[in-house]
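Subject: The structure we talked about

Hi,

Here is the structure I promised to pass on.

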Amino acid sequence: MIKLANFTLHDQTQYIEKWRDYGFEIDPIPKAPLIEFEKGEWTEEKILNATKRALVAIKDEGFDAIMIGGLSNVMAYAWYLASSQLGLRVIMSKTPRLRTPDGKFIFMLMGWQELLPPEEVQL
């Protein structure tokens, strides 16, 4: 089993068994930093530093991979740092977006995909 950290802001408890079926032992507790960008105190440097701290803690806890999902800048930094600097695999969940009658998204885990490492992303 691959030890997978939940690098999102959403609890994944309801998907533990599904992730096991895919070969992952997920920690369902969200580990991504909470960035409240609307408060105005979050510069890109502070966002990057919060992301770095969270990823180093994940690596220190013995995880093999992160599952990403959330703010674009946080996830871009997480993909790059986790893959190129910390040797963590970067996984995304495949979740078709369905909506409730009041417009909220319903997330349904239907699979996963591993992102390419930065060295393979070239023009």
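Predicted model: local features only at pLDDT ≥ 70, side-chain atom pairs only at ≥ 80, totals over all residues.

Residues are numbered from 1 along each chain as its sequence is written, and side-chain values use heavy atoms, with hydrogens and water left out.

The sheet

Helices (H or I, at least four residues) and strands (E, at least two) are DSSP runs numbered from the N terminus. Five strands make up an open, mixed sheet in the order S2-S1-S3-S4-S7. At its edges lie S2 (24–27) and S7 (111–114), each of which pairs on one side only. Pairing here requires that DSSP finds at least two bridges between two strands.

S1 runs parallel to S2 over four bridges, with Ile 2 partnered by Phe 24 in S2. S1 also pairs in the parallel sense with S3, again over four bridges, and there Phe 7 faces Ile 68 in S3. S3 and S4 (residues 89–94) are joined by four bridges in the parallel sense as well; Ala 65 stands opposite Arg 89 in S4.

Helix H2

H2 covers residues 44–60, and its 17 residues should span 24 Å at 1.5 Å a residue, which agrees with the 24 Å between its end C-alpha atoms. (The expected span is 1.5 Å times one less than the number of residues.)

Which residues of H2 are buried? They are Ile 47, Ala 50, Thr 51, Ala 54, Leu 55 and Ile 58. These cover an arc of only 130 degrees around the axis, so they lie on the same side of H2. The arc is taken from the directions from the helix axis to the C-beta atoms. On the other side of H2, Glu 45, Arg 53 and Asp 60 are exposed. Buried means under 20% relative accessible area and exposed over 50%, with partly exposed in between (1.4 Å probe, protein chains only).

The buried residues of H2 pack against S1 (2–7), S3 (65–68) and H3 (72–84), where contact means heavy atoms within 4.5 Å. After H2 comes Gly 62, with a positive phi near 90 degrees.

Helix H3

In H3, the buried residues include Val 74, Met 75, Trp 79 and Leu 81. Among the elements covering the buried residues of H3 are S1, H2, S3 and S4.

Happy browsing!
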